[in-house]
Each structure stands twice: as C-alpha cells, then as structure tokens.
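Work through the exercises below with the coordinates open. Each task is followed by a stepwise solution.

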Amino acid sequence: MKFDETPIVKDPAKEGLSPPNIRENASAAVRCYPSKPKDTQAIGLPGERVPNWQEKGIAKFAELLEKNKALRVYMDICVRCGACTDKCQFYLGTGDPQNFPVMRAELMRKVYRRYFTPAGRANTLSEAADFDEEMLEKWYTYFYQCSECRRCSVFCPYGIDTAEITMAAREIMASIGVSTKYVTEVVAKVYERGNNLGIPPAAWKDNCEFLEQDVEEETGKPIRFPVDDYGADILLVPPSADNFANVDTMIGYGKLFYALGIRWTTSTYCNEGGNFGLFLNYQNLKKVNKRIIDAARMLNVKTIIWGECGHAWRGAILTPTLNGPMDMFDPPYPYHISQFIVKMIRQGAFEGRIDKSANDDYIVTYHDPCNTARAGQLLDEPREILRYCVNHFIEMPRNTIREKTFCCGAGGGLLTDELMPIRMAGGKPRAMAVKHTGANYLATICAICKAQLPESMHYWDVPVKVGGTIDLFARALLL
Amino acid sequence: MDTSSVLWTLISIFYIGLSYFAALCLIFGLLSKLYGYLRTPMPWPEVVTPAPETEGGAIMRVVGDVLIFPNLFKADKYLWAGAWVFHIALAAILFRHLRYFTYPVPSLVLSMETVALFFGYLFGVTILYLFWRRLALPRSLYISNIPDYFALVLLGGIAASGILVSYWLHVNIVDVKAYILGLMTLRPTPPPAHPLFLVHLTLVLILMIYFPFSKLLHAGGIFFSPARNQPYQIQNPGHRYINPWDQSVGD
Ligand code: SF4
Ligand code: SF4
C-alpha cells in the first residue's frame with residue numbers, strides 16, 4: 001500500500017498530531033465501482049448517465065442552492081484559513097491534498113463560482129471551473145472519499161460542514177445517473193428485503209430462534225428474541241448486522257429487555273436502522289426512514305428504540321422532520337438504546353444486578369461514532385454505561401474523542417472492498433489513538449464502526465477486540 | 001479654467017460617483033446576499049453536536065463564534081491568535097473612523113485617538129503575519145488562491161495608506177470630513193486633493209464593491225451557519241423541526 005505508514009499520533013498525550021506531507025494524487029485512483037442499472041432503477045434513479053448531464057447537473061445544483069441554507073452559505077463564506085486542512089482522517093491517512101475538507105468543498109465551489117457568481121462567469125482569476133468530465137470524475141472520486149463525518153465542522157470558525165456539501169454533491173451526481181454500486185445496492189436491498197444486508201424475513205426469524213436456543217443453553221434463562229410481535233411495548237430497530245456479525249450486541253438487547261421484563265420485538269418489514277439514503281439523495285433518505293415508522297405502526301408498539309447504529313441515529317434525528325410527528329409513540333423522540341439504559345440505571349433498575357468483575361479481562365476504551373457524537377448529542381450516555389459495567393475504562397487522547405472523534409474510516413457509504421486502501425488509511429488516526437491507550441477492548445455503538453474497526457486495527461497492528469457497549473453491559477448483568 | 005482645474009473637477013466627479021456606486025454596491029450587495037441566506041430554508045436539523053438545547057443557548061453559541069472564534073482556537077492556536085488580533089484591530093480602526101462620519105463626534109470615539117496608531121500598526125502586522133502564513137506553511141500555500149492574496153494585499157494597502165495619511169503625510173481632516181459628510185447629506189464636495197489620501201480612498205471603495213461578492217462575506221455569513229446556529233431540539237414532545245418545502249411524510 002502506498003500510504004505513509006509513520007504513526008501520526010506522535011504524542012497524543014500532548015495533543016500532538018503531526019500531519020503527513022502533501023502527496024499530490026495519493027488517493028486519486030481509489031474509487032468506488034459504479035452502480036448497476038438494476039439497482040438504480042429500483043430506487044428511482046437514472047440507470048445510466050443522462051443525456052445533457054451537464055445542464056441537468058447544474059439545474060439540480062441551482063435547485064439545491066434554493067432549498068438548502070447550509071449549502072448556500074457554505075459555498076460563499078469559506079476564507080481558506082486552513083484550519084481544517086489537517087483534521088480529516090482521509091488526509092491524515094493518505095496525504096492527498098484533495099482530502100483537505102476545504103479542497104473537497106472547493107471542488108464544488110469552483111463549479112458554483114462558474115455558474116452562479118458574476119465574477120466566476122467572467123474569468124478564471126476567481127477560481128471557477130466548468131462542470132465537465134474531468135470535474136465530474138474528481139467529484140466521483142473525492143466526494144466518495146468523505147465519510148460525511150463532520151469532523152472538519154468542529155474546527156472551522158464558521159462551522160462549515162463538509163458533510164452537507166458532500167451530500168449535495170452526491171445528490172447532484174445521483175440525479176444525473178452517477179452513483180456507486182455499494183450504496184445503491186444497499187438501498188435497493190432495503191426496499192426488497194427490509195435491511196441493508198438483504199436478509200430475507202425467514203432467515204431473520206431463524207436466526208432469532210437460533211439465538212434463543214444458544215442463549216438458553218448458556219444462561220439457562222428463557223431469553224427471547226421476538227420477531228413481529230404485535231402489540232409489544234418496544235420496537236427495536238437495530239442495524240441488521242447485529243443479528244449476524246455482531247450477535248453479542250443482539251444478545252445484549254435480549255438480556256437487557258429480559259432483565260427488565262419488557263415486551264419487545266423486531267420487525268421483518270424493517271429490521272434495519274442504518275439509512276444509506278443519507279449517502280445518496282433526499283428522496284431515498286426519506287423513503288428508507290419511513291419504513292421504521294411504518295413498521296412501528298404495523299406492530300402497534302408503544303415506542304421505537306434505535307439500536308447501536310450511527311447512521312441510524314442520524315436518520316432517527318431527522319425522523320420527525322422527514323416522516324411527520326411521532327406523537328403516536330411514547331416520548332422521547334427519537335429514543336436511543338443508550339439513553340434508555342442510562343434512564344434505567346438512574347432509576348435504579350439494575351441496583352445490585354451488575355457484576356463489573358465479569359468484564360475484568362478487558363481494558364475498555366470507547367470510540368465515539370461520528371454520527372452519535374457530532375450529529376446526535378450522544379456523548380455521555382455510552383460512557384456512563386461503560387463506567388457502570390466495567391472496572392477498567394480508559395479514554396483515548398483528548399483530541400481524538402467526543403466531538404473531536406475520528407471517523408472509523410468507512411462511514412458515509414465507504415464500507416466496501418474496493419475502497420480498502422482509503423479505508424485503511426482513514427482508519428489510521430483511530431488505530432494510533434487506540435494503540436496509545438493499550439486497551440484490549442474497543443467499545444462503540446455503530447455497526448459500520450464494528451465492521452471497519454477490526455480490519456483497520458488488524459491492519460495497523462493494534463490487538464483489540466471490537467464490540468458494542470451493550471455487549472459489555474450484558475456480560476456484567478446478573479440475570 | 002486652466003487644464004489642471006478641469007482635470008481636478010473631473011477627478012472629483014469621478015470620486016463622488018465612485019463613492020456612491022461603492023456604497024450602493026456594499027449596501028444592496030450585502031442585503032441581497034444576506035436576504036438570500038435568510039430566505040433559503042434548512043430542510044433538516046443540521047446542528048453539529050454537542051450543541052445547546054435551547055434557542056438562547058444557540059444564540060450564545062453564535063455570539064461566542066463571532067467574538068472569540070472557539071473553533072479556530074481548537075484547531076490552531078497560532079492561526080487563532082493572528083486572526084483574532086487582526087479582527088480586534090480591524091474593529092478598533094473601524095470604530096475610530098466614526099469620527100469622520102459623525103458630528104459632533106462621540107467622546108468615546110475621540111478617546112480612541114491615543115491608541116489609534118497602535119491598532120493601526122497591529123492591523124498591518126497581523127496582515128503581514130497572515131500573508132506570511134499563507135506562503136510559509138505548505139498546507140496553507142496549497143489552498144490559497146488569487147482572491148485570498150488579493151484580499152490581504154487590498155487590506156494591507158488600505159492599512160499602509162491610512163497610517164501614512166493620518167500620522168506622516170497628513171491629510172487635512174477637515175477636508176476629509178467635509179467630503180464624507182457632503183456625500184452623506186447628498187451635497188457632495190470635492191475630495192481632499194491629497195494623492196495618498198486618494199489612494200486610500202480608492203482602495204477602500206474597491207473593498208466596498210468587492211466585499212459582498214467575495215469570501216469577505218463571512219462577516220455576515222457566520223450568523224447563518226446552520227451547523228452552529230440551530231439548537232439541538234429533536235426530542236421535545238410536541239415540537240418538531242419542519243421542512244418548509246416538503247411536509248409529506250415520505251410515501
Ligand atoms: S476551516 Fe472553514 S473557513 Fe477555514 S479553510 Fe476550512 S472550511 Fe474554509
Ligand atoms: S466530513 Fe469528515 S470525511 Fe468529510 S471532509 Fe470533513 S472530516 Fe473529512
């Protein structure tokens with residue numbers, strides 16, 4: 001792999017990040033596979049590049065400028081101060097200057113200046129550029145090397161959120177028939193099967209039954225993983241990966257609700273919270289998100305709880321806006337499993353029922369997923385849960401946690417094999433920070449993080465187990 | 001009339017015209033840009049967390065952004081120091097310039113006189129520092145483009161010519177004031193016939209015309225950044241964030 005492998009967290013204790021030297025085009029060749037017509041057509045997008053794509057793209061751009069304040073303001077006010085240049089994990093990992101958040105945004109601003117400002121129409125001194133084949137190629141490359149993580153916004157004096165810009169650029173590209181195989185395939189699967197992995201309802205049920213048998217053997221308790229239970233109190237919307245790759249998290253939910261004596265269920269119509277519409281366009285974002293509300297109505301539950309998934313939580317926050325008032329459910333809107341557990345802890349529901357020493361084989365550190373930390377205000381809850389159920393909890397360096405957390409390296413629709421070089425490079429800052437702590441368990445509350453981190457930790461040679469916070473909580477819970 | 005007085009009359013007319021044009025550009029350019037920001041909706045909650053959960057808290061967050069640049073402080077202390085001192089000096093200088101626009105001059109403005117030169121130099125020095133930074137740091141050099149240098153050169157020229165006409169090659173303040181008040185009361189008189197002052201004036205007028213159509217608009221845009229000015233209020237029962245252009249539920 002051609003990326004610089006010197007560790008970038010030089011002395012994290014002193015907040016010393018030393019960014020790599022600029023390496024022009026270092027990641028220019030890392031690109032997603034283009035989408036397949038069968039997927040794009042299934043999700044209401046053009047199957048191939050539309051004729052007049054330039055005009056259509058610019059027309060879409062004009063529409064978004066009218067409809068999105070963030071885009072409109074952020075196109076104008078960047079002063080190119082450079083504060084964000086060393087903040088994006090994809091620059092820190094690759095050294096490619098197009099991965100400076102400001103340069104990523106400039107790809108769009110150049111086009112904006114050409115078509116929407118008097119100076120840009122007139123000349124090139126004002127850094128304007130045509131929306132041509134070459135520019136489109138750059139958009140396709142670098143707007144799919146952004147995980148929409150918003151780390152840059154935290155350091156920008158105006159809070160310029162490159163994630164908003166990336167979302168707008170992807171929306172424009174999608175409208176002219178340019179999208180990626182991974183993202184469109186996943187959205188298509190959600191409509192077909194109800195989840196990102198494409199698990200059919202029967203397999204979901206089978207898996208839940210297997211889990212019940214396993215857990216009963218292990219614990220001797222009749223812990224249930226109910227599916228489509230009409231009239232349950234809680235509809236749990238986990239990331240579908242929890243039922244396959246991260247079963248410990250799924251078991252955690254089961255034990256938790258069993259211990260509390262709460263009737264809960266999952267839905268086969270919608271057993272996925274993770275919303276890949278966020279990485280594609282507004283229309284699909286909205287449609288995917290609506291399935292959650294529909295599922296809750298179909299099952300007549302009292303409330304919806306979102307599981308350990310970062311992008312699901314981002315979608316959850318948008319739910320009342322996208323899909324109408326949630327007044328028919330019990331508040332709060334929306335409700336995250338971490339908030340739920342913290343509430344139960346504070347009510348004393350687990351008093352005398354937690355054996356912290358069950359987790360004594362672990363030194364635990366916590367990775368803030370970008371979406372829960374920077375979009376969803378969930379910074380303290382997971383930490384409170386961990387402190388409640390483990391004896392050895394240790395934080396990573398201050399400049400790498402909470403709102404300054406790094407993206408795992410694969411959010412925003414990048415969790416696909418052909419992007420492996422950029423994923424491993426982008427995963428480097430997180431890996432170095434984990435290494436610094438010496439922890440052997442990396443807890444997090446996002447399914448994408450849980451898929452990416454084991455690979456990036458292995459790549460950067462950091463021996464940790466990756467898992468959920470619920471996994472640890474359930475281990476310590478006395479049933 | 002001899003040729004030189006004809007020429008001077010023409011120059012005066014040019015400056016008076018340009019002054020009005022620049023003022024109109026600044027006012028209407030700014031209003032139309034800011035109105036554009038104001039009327040464009042933000043379709044979904046965009047706030048970057050951790051964020052305050054009340055309107056009041058969100059307002060305080062923006063006020064903090066405007067006054068002390070906390071994000072920049074987190075990002076880069078040296079840049080923060082340069083940028084903050086630069087803006088403070090700029091604010092002080094603009095405030096002191098009120099003496100040319102008001103009659104009688106408020107005593108607070110007059111009391112600036114003792115420190116005015118200090119802020120003038122401070123402004124100049126921070127401009128040099130910010131310019132040096134762009135050239136000396138590889139990442140800053142990489143992202144800097146012609147408009148970035150142009151803005152600094154323009155401000156540098158304004159600072160240098162301003163300090164010179166105030167403290168070294170004195171321009172007659174009474175003339176300056178007569179010119180400005182004349183413009184303001186729509187009874188224009190010729191500008192002071194002081195070449196360096198005319199340089200200062202020209203650069204300022206260029207700045208005024210350039211301002212609303214350039215990155216300098218960050219001065220107004222900072223109030224409209226949804227990532228900063230929204231409260232995090234998703235969870236209030238009965239309250240929800242409405243998208244004005246789409247209130248369907250998503251069928
Ligand atoms: S920190 Fe903000 S203003 Fe500065 S270069 Fe980055 S995006 Fe532009
Ligand atoms: S949103 Fe995240 S990935 Fe995208 S440019 Fe900003 S820091 Fe980089």
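**Exercise 1.** What volume does the largest cavity have? Describe its lining too.

*Solution.* 
Step 1. Keep in mind that this is a predicted model.
Step 2. Take the volume: the largest cavity comes to about 130 Å³.
Step 3. Find the centre. The lining has 16 residues, and those closest to the centre are A:C78, A:C84, A:V102, A:C156 and A:I160.
Step 4. Assign the lining to elements. Helix α5 (residues 101–116) of chain A gives the largest share, four residues.
Step 5. Sort by class. Twelve lining residues are nonpolar, two are polar and two are charged.

**Exercise 2.** At roughly what angle do the axes of α2 and α9 of chain A cross? Classify the packing.

*Solution.* 
Step 1. Locate the helices: α2 spans residues 53–67 and α9 spans residues 162–175 of chain A.
Step 2. Their axes come within 9 Å and cross at roughly 140°.
Step 3. Classify. Angles over 145 degrees count as roughly antiparallel and 65 to 115 as roughly perpendicular, so this pair is oblique.
Step 4. Name the contact. α2(A) supplies A:G57, A:K60, A:F61 and A:L64, while α9(A) supplies A:A168, A:E171, A:I172 and A:S175.
Step 5. Sort this contact by class: four nonpolar, two polar and two charged residues.

**Exercise 3.** Which peptide bonds are cis, and where do their prolines lie? Then inspect the backbone at A:R402.

*Solution.* 
Step 1. In chain A, the bond from A:Y333 to A:P334 is cis, with omega near -20°. A:P334 sits in the loop between α14 (310–323) and α15 (337–346) of chain A.
Step 2. In chain B, a cis bond joins B:T49 and B:P50, with omega about 0°. The loop between α1 (3–39) and α2 (55–68) of chain B holds B:P50.
Step 3. Turn to phi. A:R402 is not a glycine, yet its phi is positive, about 50°. A:R402 lies in the loop between α17 (381–389) and α18 (420–426) of chain A.

Conventions. Residues numbered from 1 in each chain as written. Chains lettered and ligands numbered in written order. Predicted model: local features only at pLDDT ≥ 70, side-chain atom pairs only at ≥ 80, totals over all residues. Heavy atoms only, no water. Axes fitted to C-alpha atoms, helices over the stretch in contact; angles between N-to-C directions. Helix = DSSP H or I, 4+ residues; strand = E, 2+ residues; numbered from the N terminus. Parallel < 35°, antiparallel > 145°, perpendicular 65-115°, else oblique. Contact = heavy atoms within 4.5 Å. Nonpolar A, V, L, I, M, F, W, Y, C, P; charged D, E, K, R; others polar. 1 Å grid on protein atoms, 1.4 Å probe; cavity = no way out; pocket = protein on both sides within 12 Å on 5 of 7 lines; lining within 4 Å. Points joined across faces, edges and corners; volume = space filled by probe spheres on them.
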